[in-house]
Amino acid sequence: MSAAANPTLDGPGWRTARGEPSLAGIFASVRTAKQGPFWRKLLAFLGPGYLVAVGYMDPGNWATSLAGGSKFGYALLTVAMLSNLMAIVLQSLCTRLGVGAGRDLAQACRDSYPRWMSWPLWLSAEIAITATDLAEVIGTAIGLNLLFHIPLEIGVIITAADVFLILALQAFGFRWIEAFVVTMLGVIAACFAVQIVMANPDWGAVVRGFAPTTDIFANREMLYLALGILGATVMPHNLYLHSGLVQTRGYGDGIAEKREAIKLATIDSTIALCLALVINASILILAAATFHRAGKTDVAELDQAHAFLAPLLGSTMAPTLFAVALLCCGLNSTITATLAGQIVMEGFLNLRIAPWLRRMVTRVIAIVPAVIVTIWAGEKATGQLLIFSQVVLSLQLPFAVVPLVLFTASRSKMGPFTAPRWLTVLAALTAAVIIALNAKLVWDYVAG
């Protein structure tokens with residue numbers, strides 16, 4: 001595909017020409033339906049959004065949702081919904097950038113900024129991915145511990161083997177990876193559905209929990225947990241990931257074809273993020289209906305929640321389902337972190353290494369602090385490590401969100417695919433709110 005055939009790829013706003021496409025091995029590998037009913041066209045685009053949605057329900061989200069539900073009941077459901085709406089706006093821009101400009105966010109930074117700017121952005125993205133992987137290592141290890149009583153320090157080391165699962169799935173094609181992720185999401189959703197039926201929440205209070213309330217701003221502790229839920233929801237690596245994954249579809253080079261691809265891919269991510277909201281809300285509802293109702297208002301540790309479920313719900317199945325969902329979540333997150341790491345390294349540095357080597361390097365960097373903390377400080381320190389990983393993500397967020405909004409608002413870069421003014425304004429407000437609240441979260445964490 002040449003620049004002459006599609007001038008939006010190398011418009012005047014880009015400093016350098018677009019190089020090899022993102023994830024070259026699977027670029028445009030999924031065929032799409034050019035003709036036929038709408039549902040058939042949409043079916044071909046369903047997939048990338050679910051990989052992105054995984055990042056919105058990782059173990060860091062679990063910790064904040066459990067703490068919010070046990071402490072304040074259903075009141076923070078409105079924060080979960082608001083966070084999800086913000087994520088939908090930003091992911092729609094990722095779709096627009098990946099399809100319209102033919103670049104993922106990492107490539108766009110490389111082709112727009114000089115090295116003295118793009119390399120620090122690359123380092124920031126790598127730190128965010130390592131922090132994300134750290135949370136996944138801990139979450140998977142806790143899941144193995146709860147299900148099979150494997151010591152955490154051993155479970156942390158076992159998580160390094162997940163690279164072979166990813167390599168096996170890649171050998172069959174990208175659709176197999178998407179199918180695995182969707183299956184795991186289905187298992188997670190089913191586990192929480194059963195637990196919520198057992199918990200029998202007050203559905204009237206659940207509905208009222210989605211309504212905005214000024215209590216969040218009046219109560220400092222509630223505000224802090226609200227900031228934690230927001231900070232754990234919007235993650236930098238997801239923006240790089242989605243802008244690359246949308247290019248796995250063979251949608252064609254024409255403007256009309258790309259407009260349709262943007263629309264269909266946006267529908268895909270919106271549906272997937274709504275599923276992520278359902279799961280995140282389910283964690284909070286479960287905590288409110290069990291722990292808060294029983295007067296246990298200080299539950300935040302994953303293993304602590306697991307231990308309390310059986311006596312409160314009167315069933316040994318509930319904690320098992322909780323652990324299964326946590327393990328599935330950890331496995332899912334490792335896949336998306338691998339792909340995000342590959343996109344970031346290839347995009348910023350134009351450096352291509354074997355996926356297994358990339359994965360092993362990232363995982364070893366995450367495993368070392370997890371093992372050290374687990375052995376030296378004990379299992380209780382894993383919860384603090386989870387919180388720390390979310391704070392690190394908060395620090396990196398502006399370096400991904402701001403370039404995304406600026407790129408998609410630039411007509412010289414995006415041409416006919418420039419984001420509408422209303423969407424740019426909404427995204428800019430979203431970015432400002434997210435950055436301000438995450439900065440508050442970091443400040444509170446530093447200030448103790």
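Colleague: Is Asn200 buried or exposed?

Modeller: This is a predicted model, in which local features need pLDDT of at least 70 and side-chain atom pairs count only at pLDDT 80 or more, while totals for chains, interfaces and linings use all residues. Residues are numbered from 1 along each chain as its sequence is written, and side-chain values use heavy atoms, with hydrogens and water left out. Buried means under 20% relative accessible area, exposed over 50%, and partly exposed in between, with a 1.4 Å probe and protein chains only. Asn200 has a relative accessible area of 53%, so it is exposed.

Colleague: Where does Asn200 lie, and what is its phi?

Modeller: Helices (H or I, at least four residues) and strands (E, at least two) are DSSP runs, numbered from the N terminus. Asn200 is in the loop between helix H9 (174-199) and helix H10 (203-209). Its phi is positive, about 50 degrees, although Asn200 is not a glycine. His149 also has a positive phi, of about 60 degrees, and is not a glycine. That residue sits in the loop between helix H6 (115-148) and helix H7 (152-158), and His149 counts as exposed because its relative accessibility is 65%.

Colleague: How does one describe two packed helices?

Modeller: Two packed helices are described by the angle between their axes and by the distance between those axes. Axes are lines fitted to C-alpha atoms, for helices over the stretch in contact, and angles run from 0 to 180 degrees between N-to-C directions. Here helix H3 (residues 59-72) packs against helix H14 (residues 255-292) at about 40 degrees, with the axes 7 Å apart.

Colleague: Which residues of H3 and H14 meet?

Modeller: Contact means heavy atoms within 4.5 Å. From H3 the list includes Asn61, Trp62, Ser65 and Leu66; among the H14 residues that they and others in H3 meet are Asn280, Ile283 and Leu284. The residues of this contact divide into eight nonpolar, six polar and one charged. In that count Ala, Val, Leu, Ile, Met, Phe, Trp, Tyr, Cys and Pro are nonpolar, Asp, Glu, Lys and Arg are charged, and the others, Gly among them, are polar.

Colleague: How many residues of H3 are buried?

Modeller: H3 is mostly covered, with 13 of its 14 residues buried. Just after H3, Gly73 takes a positive phi of about 65 degrees.

Colleague: What does the side chain of Ser243 reach?

Modeller: A polar contact is a pair of N or O atoms within 3.5 Å; within protein, one must be able to donate a hydrogen and the other to accept it, and residues adjacent in sequence count only if both atoms are side-chain atoms. The side chain of Ser243, a residue in helix H13 (residues 236-245), reaches the backbone oxygen of Leu239 at 3.1 Å. Ser243 is buried because its relative accessible area is 0%.

Colleague: Which backbone oxygen lies 3.2 Å from a polar atom of the His306 side chain?

Modeller: That oxygen belongs to Pro319. His306 is in helix H15 (residues 302-313) and, with a relative accessible area of 17%, is buried.
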